[in-house]
Amino acid sequence: KQWYQRRVRGYLLAAIHIPIWFYFVVSCLRTGMVHRRKAHFYLSLGCFFSLWLLALPIILIAANTALQDWIRLKTVTLVEQAVRVAGYIYMVVVFVPTHTNKHFPFHLRVTQVMSLNDKGQD
């Protein structure tokens, strides 16, 4: 049985990541230029998720050229899962609003949010 990423659909899956990555980088750059105060956030977001989006094509090329068939599936699965976990950890760190709102780059601050019950509505 052949590994699925050595077939055409595996290469197409990896090739789709390239235009997605390009669109993502352009969007981060444009948004960082419009919102100058948040440029550092969008720069770090763009750098980290560039690695995250390009990981599959890099893994595919490395696995198909450097790894033998008997170890390829376990190695690639381990690396893909590690990259996925790193992405989730990054999102938790960046998008969870803290008391200082250091990493939370949106206009509305957490301290400005009230529940509906505070306005007298039930």
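The dialogue below treats aromatic rings and then one serine.

Reply: This is a predicted model, in which local features need pLDDT of at least 70, side-chain atom pairs count only at pLDDT 80 or more, and totals for chains, interfaces and linings use all residues. Residues are numbered from 1 along each chain as its sequence is written, and side-chain values use heavy atoms, leaving out hydrogens and water.

Me: How many aromatic pairs does the structure hold?

Reply: A pair of aromatic rings is described by the distance of the centres and the angle of the planes. Rings of Phe, Tyr and Trp (its six-membered ring) pair if their centres lie within 6.5 Å; planes under 30 degrees apart count as stacked, over 60 as edge-to-face and the rest as tilted. The structure holds 6 such pairs. One of them is the stacked pair of Phe48 and Tyr90, at 4.3 Å centre to centre and 15 degrees between the planes. Phe48 belongs to helix α2 and Tyr90 to helix α3 (residues 69-95), 42 residues apart. Helices here are DSSP runs of H or I, at least four residues, numbered from the N terminus.

Me: Is Tyr90 buried or exposed?

Reply: Buried means under 20% relative accessible area, exposed over 50%, partly exposed in between (1.4 Å probe, protein chains only). Tyr90 has 15% and is therefore buried, whereas Phe48, at 24%, is partly exposed.

Me: What joins the side chains of Ser50 and Trp21?

Reply: A polar contact of 2.9 Å joins them; the term denotes a pair of N or O atoms within 3.5 Å, where within protein one must be able to donate a hydrogen and the other to accept it, and residues adjacent in sequence count only if both atoms are side-chain atoms. Ser50 lies in helix α2 (residues 39-66) and is buried, because its relative accessibility is 12%.

How values were computed:
Helix = DSSP H or I, 4+ residues; strand = E, 2+ residues; numbered from the N terminus.
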